[in-house]
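Visitor: I am new to this structure and would like to learn how to read it. Please take me through some of its features in turn.

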Amino acid sequence: MPFVDYKIRIYNTAGALQAELPLQYDARTIQITHLVNHPSTLTLSAYSLATAVQYFTLDAIVEVQRKVVEADLDWYTEFIGFHRTPQKQITSANNRIFTSYSRGLLDLLRRSSIRYYADTAGSAKGPAAADDIIKELVRE
């Protein structure tokens, strides 16, 4: 099995880099799920993130970069999304574990709610292809 190295970048909601965390030894679990036409999800569980926990605020942007040494793959972005839910645990061995649950950028489409009064110019978006309607909503 090839050696895989991860690093996590955390940005605030304005897009400014807050922290960069190498996870060579701290990571307990990194689970990334990619689905077609649905937001990707990230579950990141790690030890000793005490200094970085402060940056995991609601909708902080979490970027997971990955590198595979044996395959000569340099750093590339595996996941980018919004931190939504934190969880802190203390094990029976007194180890502190921080878990971050994040959703991919497509989560923004689920959140959008643009409402117009009936029979106004903005209320009629169709009939058109779904990607054209989404582009129009993003422009607005």
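Guide: Start with a term: a salt bridge is a side-chain nitrogen of Lys or Arg within 4 Å of a carboxyl oxygen of Asp or Glu. The model is a predicted one, in which local features need pLDDT of at least 70, side-chain atom pairs count only at pLDDT 80 or more, and totals for chains, interfaces and linings use all residues. Residues are numbered from 1 along each chain as its sequence is written, and side-chain values use heavy atoms, with hydrogens and water left out.

Visitor: How many salt bridges does the structure hold?

Guide: Side chains of opposite charge can pair when their charged atoms come close. Here the structure holds eight salt bridges. One of them joins the side chains of Asp59 and Arg84, at 2.6 Å from N to O. Asp59 lies in the loop between E4 and E5 and Arg84 in strand E6, so this pair ties together parts that are 25 residues apart in sequence. The labels follow DSSP: helices (H or I, at least four residues) and strands (E, at least two) are DSSP runs, numbered from the N terminus.

Visitor: Is Asp59 buried or exposed?

Guide: Buried means under 20% relative accessible area, exposed means over 50%, and partly exposed is in between (1.4 Å probe, protein chains only). With a relative accessible area of 18%, Asp59 is buried. Arg84, at 29% relative accessibility, counts as partly exposed.

Visitor: Which Arg in helix H1 forms a pair with Asp59?

Guide: The side chain of Arg111 meets that of Asp59 in a salt bridge of 3.0 Å, N to O. Arg111 lies in helix H1 (residues 107-111) and Asp59 in the loop between E4 and E5, so the pair ties together parts that are 52 residues apart in sequence. Arg111 is partly exposed, its relative accessible area being 29%.

Visitor: What salt bridge does Arg66 make?

Guide: The side chains of Arg66 and Glu78 meet in a salt bridge at 3.8 Å, N to O. Arg66 is in strand E5 and Glu78 in strand E6, twelve residues apart, and the pair links distant parts of the chain. Salt bridges that share partners also join Asp59, Arg84, Arg103, Asp107, Arg110 and Arg111 into one network.

Visitor: Which strands pair with E5?

Guide: Two strands pair if DSSP finds at least two bridges between them. Strand E1 (residues 4-11) pairs with E5 in the antiparallel sense over eight bridges. Within that pairing, Arg66 in E5 is the bridge partner of Tyr6. E5 also pairs with strand E6 (residues 73-90), again antiparallel, over seven bridges. Glu63 stands opposite Ile80 in E6.

Visitor: How many residues of E5 are buried?

Guide: In a regular strand the side chains alternate between the two faces of the sheet. Strand E5 (residues 61-68) is mostly covered, with six of its eight residues buried.

Visitor: Where is Glu63, and what surrounds it?

Guide: Glu63 is found in strand E5. For charge, Lys and Arg count as positive and Asp and Glu as negative, while His and the chain ends are not counted. Glu63 is buried yet has no salt bridge, and the nearest side chain of opposite charge, Arg9, is 4.3 Å away.

A polar contact is a pair of N or O atoms within 3.5 Å; within protein, one must be able to donate a hydrogen and the other to accept it, and residues adjacent in sequence count only if both atoms are side-chain atoms. The side chain of Glu63 makes one with the side chain of Thr77, at 2.9 Å. Contact means heavy atoms within 4.5 Å. Leaving aside neighbours within four places in sequence, Glu63 is in contact with residues including Lys7, Ile8, Tyr11 and Phe79.

Visitor: What is the phi of Asp72?

Guide: Most residues other than glycine have a negative phi, and most peptide bonds are trans. Asp72 is not a glycine, although its phi is positive, at about 55 degrees. E5 and E6 form a hairpin with four residues between them, and Asp72 is in the turn. At 72% relative accessibility, Asp72 counts as exposed.

Visitor: Where is Asn37 found?

Guide: Asn37 is in the loop between strand E3 (27-33) and strand E4 (41-47). Its phi is also positive, near 60 degrees, in a residue other than glycine. Asn37 counts as exposed, at 69% relative accessibility.
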